[in-house]
Amino acid sequence: FTNNGTFTPGTGTVTFDGASPQTIGGTTRTDFNALTIGSGATVVLPAQGDATVPRADTVINNGTLRQSKSAVSGATNFFQILNVAGSADTYRGLDITPTGTPNLTVDIKGNTAICNNSAGGSYRNRCYKITSNSAATGDLTLYSTAVEDDISNDTIFKYAGGLSWAALTTTGGAADGDSVTSAGVSLSAGDNFFLVGNSASAPTP
């Protein structure tokens with residue numbers, strides 16, 4: 001989806017449901033009335049902070065959102081989508097404050113059954129993957145919608161490097177959809193997977 005001019009959102013919904021990754025880009029920011037990512041689809045957004053990051057009054061992510069940023073330094077957010085007016089968030093992904101300046105790519109799968117643990121664990125229906133070009137450490141805050149969150153005792157779990165899921169010291173998550181934070185999270189070079197689960201019921205690989 002390339003917008004190099006003017007796109008009028010109207011009152012409809014734009015749905016991305018292609019089998020191959022799709023990109024929202026162009027020289028002009030696109031405003032959507034309602035933006036839906038279909039199940040199985042992957043949509044790539046411009047880097048956070050870029051003037052062309054889209055806005056939408058409603059965002060439903062049933063697939064995967066992907067966003068990359070080079071030389072990440074200081075407090076950085078991924079997938080902060082504002083409403084068309086620019087006055088409030090309609091979607092949040094994660095915030096990270098890393099040491100060093102790693103290049104990061106973040107994938108977020110939303111409203112997905114893959115986050116429902118058939119082995120008996122319970123966790124939010126949102127999966128997070130952070131791919132880093134180098135090892136780093138940082139404070140991490142994960143967001144989800146209230147619809148994706150039907151658990152209690154919210155705890156961040158991490159999986160990386162072929163190891164088992166490990167519970168991280170976590171704050172927040174008192175109410176459905178509240179953000180959760182863990183300080184000093186280690187990122188391995190490569191893929192790092194995160195879930196928010198019930199502390200009494202750890203996920204399995």
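Modeller: We may begin with Thr-64, which is placed in strand β6 (residues 64-69); a strand is a DSSP run of E of at least two residues, numbered from the N terminus. This is a predicted model, in which local features need pLDDT of at least 70, side-chain atom pairs count only at pLDDT 80 or more, and totals for chains, interfaces and linings use all residues. Residues are numbered from 1 along each chain as its sequence is written, and side-chain values use heavy atoms, leaving out hydrogens and water.

Biologist: Why is Thr-64 called buried?

Modeller: Its relative accessible area is 8%, and buried means under 20%, exposed over 50%, and partly exposed in between (1.4 Å probe, protein chains only). Thr-64 is therefore buried.

Biologist: What makes the pair of Phe-1 and Phe-7 edge-to-face?

Modeller: The whole structure holds 7 aromatic pairs. For Phe-1 and Phe-7, the ring centres are 5.5 Å apart and the planes stand at 85°. Rings of Phe, Tyr and Trp (its six-membered ring) pair if their centres lie within 6.5 Å; planes under 30 degrees apart count as stacked, over 60 as edge-to-face and the rest as tilted. The pair is therefore edge-to-face.

Biologist: Why does Phe-1 count as partly exposed?

Modeller: Phe-1 has a relative accessibility of 33%, so the residue counts as partly exposed. Phe-7, at 29%, is also partly exposed.

Biologist: Why is the pair of Tyr-159 and Phe-193 called tilted?

Modeller: Their ring centres are 6.4 Å apart with planes at 55°, so the pair is tilted. Tyr-159 lies in strand β14 (residues 154-160) and Phe-193 in strand β18 (residues 190-198), 34 residues apart.

Technical notes:
Helices (H or I, at least four residues) and strands (E, at least two) are DSSP runs, numbered from the N terminus.
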